[in-house]
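Visitor: I am new to this structure. Could you show it to me and walk me through it?

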Amino acid sequence: MTTVLHTRGLGKRYRQRWALADCTLSIPAGRVVGLVGPNGAGKTTLLNLAVGMLAPTAGTIEVLGSRPAGSRAQLARVGFVAQDAPVYAGLSVADHLRLGASMNPGWDAALAGERIKRLGLDPRQHAGKLSGGQRAQLALTLAVAKRPELLILDEPIASLDPLARREFLQDLADVITTGQVSIVMSSHLVGDLERVCDYLIVLVGSQVRRSGQVSELLAAHRRVASRQASLEDLVLAAMSQPAEPGGEPTLEARQ
Amino acid sequence: MTWLTWRQSRAQAIAAAAALAALAVALAVTGPSLVHLYDTNGIATCSLSRTCRTLADNFEAKLAGTDAILYGVGILVLLLAPGLLGVFWGAPLVTREAEARTLPLAWNQSVPRTQWMAVKLGLVGLLAMATAGLLSLMLTWWSSPIDTAINLSGSTRIDLTRLGPALFDSRDITPVGYAAFAFALGVTAGVLIRRTVPAMAATLAGYAFVQFAWPIWIRQHLIAPAHAVVALDPANIFQIRDVNGSMTLSALPTFSQQGAWVLSSQIIGPSGRPIRVPAYPPCMSGSNNGMQACLAWIGRLHLRQVVTYEPASRFWEFQWTETAIFVGAAVALAGFCVWRIRAR
C-alpha cells in the first residue's frame, strides 16, 4: 500500500458555495505530510471529509483504501484531532483516558499514561481548565493512544502561543519517531511545519499546486530561486503562481 | 461508550434521584395519615352508591389543607415532567456536543456514530422513563385514596374522573410512555436543529401540542366508545337557549357509571329520535317561578339522553394502549435520529 489518502474529483458544497471543488490528490504512506495553503483553500474541509465528519457532494475519497468512517475497523485505523483540539470541558484528564480505553479496542493504556505523565498533566484536572497547549496535547494523546495507522491533525498549533507550539511539535516529533504512523497535518504556519514534515502539499483553491518530499521540493526551488530559499519562500512562490500544469500528475507518477 | 454516556449523564441522574428522594420523604410523611383517614371513613367497604357518595364527600371535607395542595401539585408535576424531561434531557443530548464542538472527538473513537447515538438514546431515554415511572408510582400510590373518593363523589367533577385528561395522564404507566416520547422528540429536534435553545423551544411546543391535542381528538378513538340511553332529569339542565323558536337544552346526563368518561350526550324524544323542543315562554322568563314551570313542563316531555362514553372499566386497556403507542413513537423517533446521524 502506497497511499493513505486518495481523492478523485472530490467536492463539498454548502448551499451555493463550494468549500472544496474537483480536488484530486494522493498522499503517500509512511510520511509526515504538511498540508498548507491559504485560508479557504479547502484544507479543513478535505480533512473532515477524510475522517467522515462530512459527506462528499461530488467525487470519491478513500482513506487507507476504504470509505472514511465506514466501519468500526476503519475508525480504529484513523486518529483525528479536529481544529482547536476539542475535549470535554466537564471531564477530567483521567476521564478522557477512560473514555479512550472504553471506546477503542486497540487502546494503548501504557502509552497514554506515560504521555500524560511526561506532559505533566494532572489526571484529576478538568479538561476545561487546561491551557490551549495542554488541551491540544490531551487531544493528541487520545488520537495517538488508539494506535492508528494514520493520524490526521487539523491546524493543531494554530491557536497556541509560540512556546506551546514548540512543545507540541517536539511532542509530535516523538510520536513520529516511536511509531509506524503516517501523519497528515494542515497548517498555515509553514515555518513550524518544516521542523516535523518530510512531505509537503500546497493546496490553493482546492487544487494541488506543489507536492513532494520537502528535501526534493526545496532543492528544486533553490535551483530557480536563491540558495538560501526557505520552505516558506517555496510555499509563497507556489501560492502566488498560476496553477502548474502537470504538477499533480507528477505526484501520481512518483507513486 | 456506555461508560462515557453514563459519565456525561451522571449529574442529571443524581439530580433526578435527589428530587425523587425528597418527594418520597414528603409522601411517606403525609401518606399514612391519608390512608388512615380513608380506612376509618368507610369508603373502602361501602356498597350503596348513595352511601358511598356521602362518605366520599365526608372524606374530602376532612382532608388536610396540605394534602389537598400536595394532591394538586402532584398532578401538575406529573403533567409537566415528561415535557421537562424532553426539553432538558432530550434536546441538549446532541446539541450540547455540537455546540461544545466535541462531536469530532466522540465520532473519531472506534465506535460508529450510529452506535454512539443508539447508546445515548437508550441509556438516557431509559433514565427519563425510570424517572417518570418512579414519580408516577409514588404519586399514584399516595393519591389513590383521594382519587377513589373523588370518583365516588359524583359526576360533577368530570375533570377528575380516572379517564379524564388530568388523572389519566398523571397516573400509573402512561407517564412512562409520555416521557419516552418527549425525550425522543427532544433528541430529534436537537439532531435536526443542532442548537440547544431553538431545539428546546421546538420540543416544548411540539410536546405541548401533543399533550393538549391527544385527549381532545385522539384518545376516544383508541377504543370505540359505548352508548347508553338514560332519562333526562330536568334538575340536571344547566342551560336553555332559544334558537329560532325552538329550545336547545344542555344537561348533564344522569349517569350511574362511576368514573366513566362521558364524551357527548344528545337529547332525544320518547320515540328515540332527535327532537325539536318548541319554545315554551316560561323557560325564557328568567323568574324563579317561570323556571320551575319550565322544568316541570320539560319533565312531562319524557325526554331521554343518548350518552356516548368510555366506561371506567376500560382504564387499564387505555393505559396500556396509550403507553404502547407513545413508546412506539419514541422508538420510531430514536430510529430516525440514528439513521440521520449515520456516516455517509
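Guide: A residue is buried if 20 or more other C-beta atoms lie within 10 Å of its own, exposed if 12 or fewer, and partly exposed in between, with C-beta atoms placed from the backbone. This is a predicted model, in which local features need pLDDT of at least 70, side-chain atom pairs count only at pLDDT 80 or more, and totals for chains, interfaces and linings use all residues. Residues are numbered from 1 along each chain as its sequence is written, while chains are lettered from A and ligands numbered from 1 in the order in which they are written.

Visitor: Is B:Arg194 buried, exposed or partly exposed?

Guide: B:Arg194 sits in the loop between helix H8 (174-193) and helix H9 (196-218) of chain B. Helices are DSSP runs of H or I with at least four residues, strands are runs of E with at least two, and both are numbered from the N terminus. Phi of B:Arg194 is near 70°, a positive value in a residue other than glycine. Because B:Arg194 has 14 C-beta neighbours inside 10 Å, the class is partly exposed.

Visitor: And A:Ala69, buried or exposed?

Guide: Most residues other than glycine have a negative phi. A:Ala69 has a positive phi, near 55°. A:Ala69 belongs to the loop between E4 and H2 of chain A. With 23 other C-beta atoms within 10 Å, A:Ala69 is buried.

Visitor: What radius of gyration does chain A have?

Guide: Chain A holds 10 helices and 9 strands. The radius of gyration is taken over C-alpha atoms, and the globule rule is 2.2 Å times the number of residues to the power 0.38. For 255 residues that rule gives 18 Å, and chain A is close to it, so chain A is as compact as a globular protein of that length. The radius of gyration of chain A is 18 Å.

Visitor: What percentage of the residues in chain A is buried?

Guide: Along the principal axes, the C-alpha atoms of chain A fill a box of roughly 55 × 40 × 35 Å. Chain A has 255 residues, and the buried share is 44%.

Visitor: What is the strand order in the open sheet of 3 strands in chain A?

Guide: Two strands pair if DSSP finds at least two bridges between them. Strand E1 (residues 3-14) of chain A is joined to E2(A) by 8 bridges, and the two run antiparallel. Strand E2 (17-28) and strand E4 (58-63) of chain A are the edge strands, each pairing on one side only. The order is E2-E1-E4.

Visitor: Now chain B. What is its radius of gyration?

Guide: Chain B has 12 helices and 6 strands. Its C-alpha trace spans about 85 × 50 × 30 Å along the principal axes. A compact globule of 344 residues would have a radius near 20 Å, but chain B has 26 Å.

Visitor: How many Å separate the centres of domain 1 and domain 2 of chain B?

Guide: Domain bounds come from an automatic or database domain assignment. In chain B, domain 1 is 2-222 + 319-341 and domain 2 is 226-313. Taken over C-alpha atoms, the centres are separated by 39 Å.

Visitor: Which element gives the largest share of the side of chain A that touches chain B?

Guide: Two residues are in contact if their C-beta atoms, placed from the backbone, lie within 7 Å. By that rule, 25 residues of chain A are in contact with 17 residues of chain B. Helix H2 (72-77) and helix H3 (93-103) of chain A each give two or more residues to that side. The largest share, 6 residues, comes from H3(A).
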